[in-house]
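Here is a short briefing for a reader new to this structure. Please look at the sequence and the model first, then read on.

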Amino acid sequence: MKQSDDLLPLGGFQDAPLAQELSENTRRLQNVRNALIERPSSTRIFTVANQKGGVGKTTSAVNLAVALAEKGMNVLVIDLDPQGNASTALGIEHHIGVESIYNALVHNIPLTDLIQKSPESENLVVVPSTLMLASAEMELYPLQDKEYRLKNAINLYLQTAESTPDYIFIDCPPSLGQLTVNAFTAATEVLIPIQCEYYALEGLTQLKVTIDTIRNRSNPELALSTILLTMYDSRTKLNMAVVEDVRSHFPTQTLQTVIPRQIGVAEAPSYSKSVINYDRSSNGAISYMEAAIEIARKGINHG
Ligand SMILES: Nc1ncnc2c1ncn2[C@@H]1O[C@H](COP(=O)(O)OP(=O)(O)O)[C@@H](O)[C@H]1O
Ligand SMILES: [Mg+2]
């Protein structure tokens, strides 16, 4: 339900939970609209990773990117998943004939030749992925600098792009293969979305080992800076327990903002939209805007 006017005939029931939620959303929306954020002093490069599928990686990469772009930041999204879900959600062509991040990784094509403008925001550009990317793992394997292909491509882009991005989000596939290694090597920060469910913490421990390995091998500066809890359902006790558990293990990295499980968030991609442009005043959209502002204000916390 979008229009608070619908509730007026209820009169005396103004304190009903739904009415309360609507007025709360209006207040939060006002806050995120008024919030001012500063540009980071250098480009923050986030790899959005979790070896599990379906935890909200793509949804988070896409919506945080749109939220920051709407706040005036220059944002680049690199779709590094052969499925191309981030490209879809950002309204970007990515059928098999389209030049994609595959061409950068395997054939050294500069990102400036591959970027497409997203209809989501004038400050947002995207390097799409196509199914071609599925063969990149194998094609990269014999190359000596195989871990550094994405890093080199991004460095060149930072030197040559018309407008330097403030934020880059790399959307990873659900595995710890060569593509994800490239993303970890290229990034300054790791952002891990965690679905509020029982085995959440177990996956995190594995991921932390991988991050430590990458730090030792190819990217000593890499910081696990941000953990975002997603698909939260306040009616489930287990969800609340998971939130507490993750917060107690990762107190500085875990964002205060938690993304609720909400149907609009899942519907938006089928309209080739972020939830922010699909249903701006929904709890999901506002939560992603709040998370983006929190990330911008928090800066990097090395973990
Ligand atoms: N907050 C949310 N509420 C409801 N559905 C969500 C939410 N976040 C993600 N989803 C849905 O869950 C599924 C998995 O999310 P996705 O971002 O694609 O995960 P991943 O990239 O980690 O595989 C998708 O269908 C997505 O639309
Ligand atoms: Mg994904």
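Valine 48 stands opposite leucine 191 in β6. That pairing belongs to a set of three bridges that join β1 to strand β6 (residues 189–195), and the two strands run parallel. Strands here are DSSP runs of E with at least two residues, helices are runs of H or I with at least four, and both are numbered from the N terminus. Two strands pair if DSSP finds at least two bridges between them.

This is a predicted model, in which local features need pLDDT of at least 70 and side-chain atom pairs count only at pLDDT 80 or more, while totals for chains, interfaces and linings use all residues. Residues are numbered from 1 along each chain as its sequence is written, and chains are lettered from A and ligands numbered from 1 in the order in which they are written.

**The sheet**

- Strands of a sheet pair through backbone hydrogen bonds, either parallel or antiparallel.
- Seven strands form an open sheet here, with mixed pairing. Their order is β3-β4-β2-β5-β1-β6-β7.
- The edges are β3 (116–117) and β7 (223–230). Each has a single partner strand, so one side of each is left without a neighbour in the sheet.

- All five of the five residues of strand β5 (residues 167–171) are buried, so the strand is largely enclosed by the rest of the structure. A residue is buried if 20 or more other C-beta atoms lie within 10 Å of its own, exposed if 12 or fewer, and partly exposed in between, with C-beta atoms placed from the backbone.
- Tyr167, Phe169 and Asp171 point one way from β5. Ile168 and Ile170 point the other way.
- Strand β1 (residues 44–48) pairs with β5 in the parallel sense, over five bridges. Phenylalanine 46 has phenylalanine 169 in β5 as its bridge partner.
- Strand β2 (residues 75–79) is also joined to β5 by five bridges, and these strands run parallel. Isoleucine 78 stands opposite isoleucine 170 in β5. Valine 75 has tyrosine 167 in β5 as its bridge partner.

- Five of the five residues of β2 are buried, so β2 is largely enclosed by the rest of the structure.
- Val75, Val77 and Asp79 point one way from β2, and Leu76 and Ile78 the other way.
- Four bridges link β2 to strand β4 (residues 124–127), and the two run parallel. Isoleucine 78 stands opposite valine 127 in β4.

**Around ligand 1**

- Ligand 1 is surrounded by 18 residues. The closest are Lys57, Thr58, Thr59, Val265 and Ala266. A residue is near a molecule if its C-beta atom, placed from the backbone, lies within 6 Å of it.
- α2 (57–70) and α10 (263–267) each supply at least two residues of this shell. The largest share, three residues, comes from α2.
- The shell holds seven nonpolar, nine polar and two charged residues. Ala, Val, Leu, Ile, Met, Phe, Trp, Tyr, Cys and Pro count as nonpolar, Asp, Glu, Lys and Arg as charged, and the others, Gly among them, as polar.

**A helix pair**

- Helix α6 (residues 149–160) and helix α7 (residues 178–186) pack at an angle of about 45°, with axes 7 Å apart. That makes α6 oblique to α7.
- Axes are lines fitted to C-alpha atoms, for helices over the stretch in contact, and angles run from 0 to 180 degrees between N-to-C directions. Angles under 35 degrees count as roughly parallel, over 145 as roughly antiparallel, 65 to 115 as roughly perpendicular and the rest as oblique.
- α6 passes α7 in a right-handed crossing. A crossing is right-handed if the near helix is turned clockwise from the far one by less than a right angle, and left-handed if anticlockwise.

**Residues in loops**

- Asparagine 108 lies in the loop between α4 (101–107) and β3. Its phi is near 60°, a positive value in a residue other than glycine. Asparagine 108 is exposed, with 11 other C-beta atoms within 10 Å.
- Methionine 231 sits in the loop between β7 and α9 (237–249). Its phi is near 55°, also positive in a residue other than glycine. Methionine 231 is buried, with 22 other C-beta atoms within 10 Å.
- Serine 270 lies in the loop between α10 and α11 (275–278). Serine 270 is exposed, with 10 other C-beta atoms within 10 Å. The C-alpha atoms of serine 270 and alanine 89 are separated by 7.4 Å, though the two are 181 residues apart along the chain.
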